[in-house]
Amino acid sequence: MPLWLDFRAIPQVLGVSREQLLARIESLTHRRCISTHLPSDALVFSEKAKYVVVCRDGRDVAWSLHTFMSRFSPSFVEMVNGLPGADAPLVKQPDAADVVGFYKEFLKNDGHPVTGPQFWHHVRSYWELQHLPNVYLLHYNNLKKDLRGEIQKLAG
């Protein structure tokens, strides 16, 4: 199961401290699969790690994000926005009926309705690294069309 370490609410969701979570990860003896929504320049990049970057059409990202965020419960929004170190709200629950308004905000704010990560910066940051032997860019639509073929390419 992939771990999403950069989502600051994970310790609260799992009921552990960040230190306990990191200790659990360090104790693992098998390979780790870590999921992130951070651009490459926000990571400590390692030549030992393999990076599989799944890219998606920005329009699809906007629609998916609207659906995802419009299902947030008020208590979840309150928990995330109340995390230590949050200077401004990190998430807001969009109006489920105003998909077009959400899409316009997505475009205006470079891919996020409230704050980073910005969609285009994120995609560009990995695009510039695609020549590296440990970076593999994969398009979400290609996975939908031919999952087996794309996984075989990745395995190769």
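Biologist: How many aromatic pairs does the structure hold?

Modeller: Rings of Phe, Tyr and Trp (its six-membered ring) pair if their centres lie within 6.5 Å. This is a predicted model, where local features need pLDDT of at least 70 and side-chain atom pairs count only at pLDDT 80 or more, while totals for chains, interfaces and linings use all residues. Going by that ring rule, the number of aromatic pairs held here is six.

Biologist: Take Phe68 and Phe72: what kind of pair do they make?

Modeller: Planes under 30 degrees apart count as stacked, over 60 as edge-to-face and the rest as tilted. The ring centres of Phe68 and Phe72 are 5.0 Å apart and the planes sit at 80°, so this pair is edge-to-face.

Biologist: And which of those two is buried?

Modeller: Buried means under 20% relative accessible area, exposed over 50%, partly exposed in between (1.4 Å probe, protein chains only). Phe68 comes out at 49%, so it counts as partly exposed. At 10%, the buried one is Phe72.

Biologist: Which residue joins Phe68 and Phe72 in a cluster?

Modeller: Ring pairs tie three residues together here. Alongside Phe68 and Phe72, the cluster takes in Phe76.

Biologist: What about Phe106 and Phe119: what kind of pair is that?

Modeller: Their ring centres are 6.0 Å apart, with the planes at 50°. That angle makes the pair tilted.

Biologist: How many residues apart are Phe106 and Phe119?

Modeller: Helices (H or I, at least four residues) and strands (E, at least two) are DSSP runs, numbered from the N terminus. Phe106 belongs to helix α5 (residues 99–108) and Phe119 to helix α6 (residues 119–127), so to speak distant parts of the chain, linked by this pair. Both residues are buried.

Biologist: Which residue lies over the face of Tyr140?

Modeller: A charge sits over a ring if NZ of Lys or CZ of Arg is within 6 Å of the ring centre and within 35 degrees of the ring normal. At 4.2 Å from the ring centre of Tyr140, the residue is Arg56.

Biologist: Which element gives the most to the nonpolar patch?

Modeller: Patches are made of residues with over 30% relative accessible area and no salt bridge: like charges are joined within 9 Å, nonpolar side chains (Val, Leu, Ile, Met, Phe, Trp, Tyr) within 5 Å. Val52, Val54, Leu147, Ile151 and Leu154 make up this one, with about 410 Å² of accessible area together (Shrake-Rupley method, 1.4 Å probe, only the protein chains shown counting as cover for residues). β3 (51–55) and α8 (147–155) each give two or more residues. With three residues, the top giver is α8.

Biologist: Which residue forms a salt bridge with Asp57?

Modeller: A salt bridge is a side-chain nitrogen of Lys or Arg within 4 Å of a carboxyl oxygen of Asp or Glu, and the structure holds three. For Asp57, the closest N and O atoms are 2.7 Å apart, and the partner is Arg59.

Biologist: Lys153 has a salt bridge too; is its partner Glu150 buried or exposed?

Modeller: Side-chain values use heavy atoms, with hydrogens and water left out, and residues are numbered from 1 along each chain as its sequence is written. Lys153 and Glu150 meet at 3.0 Å, N to O, and both lie in helix α8, three residues apart. At 8% relative accessibility, Glu150 is buried.
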